Amino acid sequence: MNEKSGTVAAQPTERIPAAERREQILAAASVVFGERGYSGATTDQVAKVAGISQPYVVRMFGTKENLFLEVLARALERLVAGFRQIIAEPREHGEDEMELLAARLGGAYVDLIEDRGILLSLMQAFISGHNPVVGAKARAGFLEIYRMLRDEAGFPPDAIRGFLADGMLFNTLLAIRLPDIFDEDPDAEELMRCTFRGKLDLVLGATAAEAAADA
């Protein structure tokens with residue numbers, strides 16, 4: 001209470017820290033860009049998913065291009081950090097050492113699906129090579145992953161090719177929403193079981209949660 005006026009002072013409203021709000025917007029943008037692509041997405045759509053105003057998104061990130069670049073950077077940072085964590089862990093030495101490491105890295109990649117939209121936003125970046133700015137960042141990020149797998153994990157180029165090809169298959173199956181017909185088409189089930197293996201339940205659970213959120 002204000003002793004002079006006798007009025008009750010207004011309590012400060014709770015504010016979300018800028019870093020937390022930034023992550024909230026980037027998570028929403030990952031979903032919007034992942035589903036609609038760079039050309040089809042708008043900052044207004046991102047704002048609606050994030051539950052904030054469109055002008056706030058613009059004030060924080062500027063243009064849609066800048067926002068997409070931040071989404072791409074966030075996705076690559078999480079991917080690289082996840083891979084480096086696996087690479088740094090003790091390995092089981094033997095004939096199957098590299099095969100086991102590749103399987104663990106593949107599992108870490110699929111785990112990213114829990115961050116809704118992150119794998120699809122990566123794919124949107126990879127197919128935007130025609131854009132001089134986005135394409136340059138996507139190429140740099142892809143080559144960073146290649147060099148890490150070669151120099152830090154110790155994979156030969158041919159093994160990296162196979163690993164990256166599997167990653168693109170993961171993204172493709174998610175992009176065409178094959179999990180949506182998992183229970184309806186035996187061929188879809190067969191392909192998904194072969195592709196995701198021990199991570200299949202995670203993929204189905206994440207996509208079911210996404211469908212429920214969109215309903």
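Tutor: The protein has ten helices and zero strands, where helices (H or I, at least four residues) and strands (E, at least two) are DSSP runs numbered from the N terminus. Read along the sequence, the pattern is α-α-α-α-α-α-α-α-α-α. This is a predicted model, in which local features need pLDDT of at least 70 and side-chain atom pairs count only at pLDDT 80 or more, while totals for chains, interfaces and linings use all residues. Residues are numbered from 1 along each chain as its sequence is written, and side-chain values use heavy atoms, with hydrogens and water left out.

The C-alpha trace spans about 80 × 40 × 35 Å along its principal axes. Of the 215 residues in the protein, 39% are buried; buried means under 20% relative accessible area, exposed over 50%, and partly exposed in between (1.4 Å probe, protein chains only). Among contacts with a separation of 6 or more, 65% are between residues 24 or more positions apart, a contact being heavy atoms within 4.5 Å.

The pockets come next. On a 1 Å grid over the protein atoms alone, a pocket is an open set of points where a 1.4 Å probe fits, with protein on both sides within 12 Å along at least five of seven lines; lining residues have an atom within 4 Å of a point. Grid points are joined across faces, edges and corners, and a volume is the space filled by probe spheres set on the points.

The largest pocket has a volume of about 610 Å³. Its lining comprises 29 residues, of which Ala102, Gly106, Phe163, Asp166 and Phe170 lie nearest the centre. Two or more lining residues come from each of α4 (64-88), α5 (97-111), α7 (132-152), α8 (157-175) and α9 (186-196). The most is given by α8, with nine residues. By class, this lining has 19 nonpolar, six polar and four charged residues; Ala, Val, Leu, Ile, Met, Phe, Trp, Tyr, Cys and Pro count as nonpolar, Asp, Glu, Lys and Arg as charged, and the others, Gly among them, as polar.

Phe163, one of the residues nearest the centre of the largest pocket, is also touched by Phe83.

At least two lining residues are supplied by each of α1 (18-40), α6 (118-126), α8 and α10 (200-214), and α10 gives the most, with four residues. The lining consists of nine nonpolar, three polar and seven charged residues.

Thr207 lies in helix α10. Thr207 counts as buried because its relative accessibility is 12%. Its side chain reaches the backbone oxygen of Val203 at 2.9 Å, and a polar atom of that side chain lies 3.0 Å from the backbone oxygen of Leu204; a polar contact is a pair of N or O atoms within 3.5 Å, of which, within protein, one must be able to donate a hydrogen and the other to accept it, and residues adjacent in sequence count only if both atoms are side-chain atoms. Beyond four places in sequence, Thr207 touches Ile113, Leu174 and Pro179.

Ser30 is found in helix α1 and counts as buried at 1% relative accessibility. The Ser30 side chain makes a polar contact with the side chain of Arg74 at 3.1 Å.

Two loop residues complete the picture. Arg177, in the loop between α8 and α9, has a positive phi of about 60° although it is not a glycine; at 34% relative accessibility, Arg177 counts as partly exposed. Arg197 is in the loop between α9 and α10, with a positive phi near 50°, and is exposed, with a relative accessible area of 66%.
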